[in-house]
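Subject: Structure for you to look at

Hello,

Here is the structure I promised to pass on. Please open it beside this email and follow along.

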Amino acid sequence: MSQPDLWFPKRWPASHPDKIQLYSLATPNGQKVSIALEELQLPYEAHRIDIGDGDQFDEDFLRINPNGKIPALSDPDGPGGRQILMMESGAILYYLADKTGRLIPRRDDGRYQTLQWLYFQVGHVGPMFGQFGHFHVYARDNCDHPYPHKRYKNETQRLLGVLDKRLKDRDFILGEEYSIADIAIWPWVDALGRFYEAEELLELDSFEQVQRWHRQIASRDAVKKGREVCPVE
């Protein structure tokens with residue numbers, strides 16, 4: 001029986017109000033949360049937010065995420081057993097890991113390492129890879145100056161170098177333990193080839209440890225399923 005004070009967007013009604021509600025699209029940031037939900041085997045209901053049609057500016061969606069970005073999440077069984085509305089993919093990953101006690105080390109030193117690399121993705125990998133993709137794919141007809149493309153290409157390669165060094169002699173970002181740090185970073189690395197088709201330009205094969213790590217995570221069943229939730233089309 002659902003709580004009497006639960007709230008759900010009218011435009012995206014909940015068929016299963018007792019489950020986590022995910023509002024997303026299969027962009028790199030969107031994939032982060034759907035992959036985590038699949039890895040954690042948490043029951044959830046997904047709602048596709050078409051950012052091309054402006055769904056993210058719907059009044060009900062803005063109640064969940066005032067910033068008008070995907071993904072967003074509602075958990076009817078949040079802290080204290082009360083509903084919680086969540087925005088920001090990095091915060092959602094941490095929330096889900098903390099809720100379940102999985103995909104994040106229990107020891108303080110391991111948790112802090114996880115948060116370091118989670119913030120590395122949020123503050124560097126996401127913004128820089130995203131800007132590279134914007135100028136490489138979407139802004140070609142609107143910007144003929146070479147500077148922004150060159151800047152974000154160089155920064156993307158620099159960050160790949162940081163990852164490559166980190167992954168030397170490590171299976172995953174933290175070592176042997178797969179975590180939300182890997183889940184946060186992986187879709188953005190995947191996007192460089194799958195979305196942006198920039199394998200040759202970025203010389204992705206030269207980042208051997210990143211490529212090995214990318215293939216290893218791509219083979220996981222939860223990743224295969226989670227990356228396709230709320231497809232971009």
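**What I found**

Leaving aside its neighbours within four places in sequence, T114 is in contact with I104, P105, L174, S179, I180 and A181. T114 sits in helix α4, which spans residues 108-138. Is T114 buried or exposed? T114 is buried, and its relative accessible area is 0%. Keep in mind that this is a predicted model.

**Two annotated spans**

UniProt, in an unreviewed entry, places "domain: GST N-terminal" at residues 17-104. That span is 35% helix and 20% strand. Its end C-alpha atoms lie 27 Å apart. The annotation "domain: GST C-terminal", also from an unreviewed UniProt entry, covers residues 107-233. Here the chain is 69% helix and 0% strand. The end C-alpha atoms of residues 107-233 are 41 Å apart.

**The sheet**

Now find the strands. There are 4 of them in an open sheet, in the order β2-β1-β3-β4, with mixed pairing. Strands β2 (44-48) and β4 are at the edges with a single partner strand each, so one side of each has no neighbour in the sheet. From one strand to the next, the twist averages 15°.

Strands of a sheet pair through backbone hydrogen bonds, either parallel or antiparallel.

Which way do β1 and β3 pair? Strand β1 (residues 20-24) pairs with β3 in the antiparallel sense, over 3 bridges. Q21 has S74 of β3 as its bridge partner. L22 stands opposite L73 in β3. On to the next pair. Strand β4 (residues 84-87) also runs antiparallel to β3, and 4 bridges join them. There, A72 stands opposite M87 of β4.

In a regular strand the side chains alternate between the two faces of the sheet. Look at β3 (residues 72-75) with that in mind. A72 and S74 are on one side, L73 and D75 on the other. All of these are buried, and both faces of β3 are covered.

Helix α3 (residues 89-100) lies across β1, β3 and β4, and runs at about 135° to β4.

**A helix crossing**

Next, turn to helix α6 (residues 180-194) and helix α8 (residues 208-218). Their axes come within 10 Å and cross at roughly 105°. That makes α6 roughly perpendicular to α8. From α6, the contact uses D182, I185, W186, V189 and D190. From α8, it uses V210, W213, H214, I217 and A218. By class, this contact has 7 nonpolar, 1 polar and 2 charged residues.

Most residues other than glycine have a negative phi, and most peptide bonds are trans.

- The peptide bond from I70 to P71 is cis, with omega near 0°. P71 is in the loop between α2 (59-64) and β3.
- D169 is not a glycine, yet has a positive phi of about 65°. D169 lies in the loop between α5 (146-166) and α6. D169 is exposed, at a relative accessible area of 75%.
- C230 is also not a glycine, and its phi is positive, near 55°. C230 is in the segment after α9 (221-226). C230 is buried, at a relative accessible area of 7%.

Best wishes

Note on methods: Residues are numbered from 1 along each chain as its sequence is written. This is a predicted model: local features need pLDDT of at least 70, side-chain atom pairs count only at pLDDT 80 or more; totals for chains, interfaces and linings use all residues. Side-chain values use heavy atoms; hydrogens and water are left out. Buried means under 20% relative accessible area, exposed over 50%, partly exposed in between (1.4 Å probe, protein chains only). Helices (H or I, at least four residues) and strands (E, at least two) are DSSP runs, numbered from the N terminus. Two strands pair if DSSP finds at least two bridges between them. Axes are lines fitted to C-alpha atoms, for helices over the stretch in contact, and angles run from 0 to 180 degrees between N-to-C directions. Angles under 35 degrees count as roughly parallel, over 145 as roughly antiparallel, 65 to 115 as roughly perpendicular and the rest as oblique. Contact means heavy atoms within 4.5 Å. Ala, Val, Leu, Ile, Met, Phe, Trp, Tyr, Cys and Pro count as nonpolar, Asp, Glu, Lys and Arg as charged, and the others, Gly among them, as polar. UniProt positions are given in the numbering used here, feature names are shortened, and annotations may be inferred rather than shown by experiment.
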